[in-house]
Amino acid sequence: MQKYECPCGYIYDPAEGDMDSGVDSGTAFEDLPDDWVCPKCQAEKEHFYLA
């Protein structure tokens, strides 16, 4: 699974997930809920790019 980066510098790593937002480790970026946002700056998924 590939990592995705937010313009603010936060990197979503599927191996780690986003436990603070209730996203389990092993969750692919494509499988994140539609309303998931960057935990650092609140940017929406559409602003992320491949890291």
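## Reading the model

Helices (H or I, at least four residues) and strands (E, at least two) are DSSP runs, numbered from the N terminus. Cys6, for example, has its place in the loop between E1 and E2.

This is a predicted model, in which local features need pLDDT of at least 70, side-chain atom pairs count only at pLDDT 80 or more, and totals for chains, interfaces and linings use all residues. Residues are numbered from 1 along each chain as its sequence is written, and side-chain values use heavy atoms, with hydrogens and water left out.

## The chain as a whole

The chain has zero helices and three strands. Read from the N terminus on, the elements run β-β-β. The radius of gyration of the chain is 9 Å, close to the 10 Å that the globule rule gives for 51 residues, so the chain is as compact as a globular protein of that length. That radius is taken over C-alpha atoms, and the globule rule is 2.2 Å times the number of residues to the power 0.38. Along its principal axes, the C-alpha trace spans about 20 × 20 × 15 Å.

Next comes the surface. The chain exposes about 3,400 Å², and carbon and sulfur atoms supply 45% of it. Accessible areas come from the Shrake-Rupley method with a 1.4 Å probe; for residues, only the protein chains shown count as cover. Of the 51 residues, 35% count as buried. Buried means under 20% relative accessible area, exposed means over 50%, and partly exposed is in between (1.4 Å probe, protein chains only).

Contacts also reach along the sequence. Among contacts between residues at least 6 apart in sequence, 43% join residues at least 24 apart. Contact here means heavy atoms within 4.5 Å.

## The sheet

The three strands form an open sheet in the order E2-E1-E3, with antiparallel pairing. Its edge strands are E2 (11-12) and E3 (49-50), each of which pairs on one side only. Two strands pair if DSSP finds at least two bridges between them.

Take E1 and E2. Strand E1 covers residues 4-5, and two bridges join E1 to E2. These two strands run antiparallel. Glu5 has Ile11 in E2 as its bridge partner.

## The nonpolar core

In soluble globular proteins, nonpolar side chains tend to be buried together. The largest nonpolar core here has 11 residues. They are Tyr4, Cys6, Tyr10, Tyr12, Val23, Phe29, Leu32, Trp36, Cys38, Ala43 and Phe48. A nonpolar core is a set of buried Ala, Val, Leu, Ile, Met, Phe, Trp, Tyr and Cys residues joined through side-chain atoms within 4.5 Å.

Which residues does Phe48 contact, leaving aside its neighbours within four places in sequence? The list is Tyr4, Glu5, Cys6, Tyr10, Tyr12, Phe29, Trp36, Cys38 and Ala43.

## The cysteine site

UniProt, in an unreviewed entry, places the feature "binding site" at Cys6, Cys8, Cys38 and Cys41. UniProt positions are given in the numbering used here, feature names are shortened, and annotations may be inferred rather than shown by experiment. The four are spread over 36 residues of sequence, yet they cluster in space. Their largest C-alpha distance is 8.9 Å.

Is Cys6 buried or exposed? Cys6 is buried, with a relative accessible area of 0%. Leaving aside neighbours within four places in sequence, Cys6 is in contact with Cys38, Cys41, Ala43, Phe48 and Tyr49. Cys8 is also placed in the loop between E1 and E2. Cys8 counts as partly exposed, because its relative accessibility is 30%. Not counting residues up to four places away in sequence, Cys8 touches Cys38, Lys40 and Cys41.

## Along the loop between E2 and E3

Asp13 lies in the loop between E2 and E3. Asp13 is buried, with a relative accessible area of 14%. Asp13 and Gln2 are 11 residues apart in sequence, and their C-alpha atoms are 7.3 Å apart.

Gly22 is in the loop between E2 and E3. Gly22 counts as exposed because its relative accessibility is 60%. The C-alpha atoms of Gly22 and Trp36 are separated by 9.9 Å, with the two residues 14 apart along the chain.

Asp31 lies in the loop between E2 and E3. Asp31 is exposed, at 57% relative accessible area. Asp31 and Gly17 are 14 residues apart in sequence and 11 Å apart in space, C-alpha to C-alpha. Gln42 is found in the loop between E2 and E3. The phi of Gln42 is near 70°, a positive value in a residue other than glycine.
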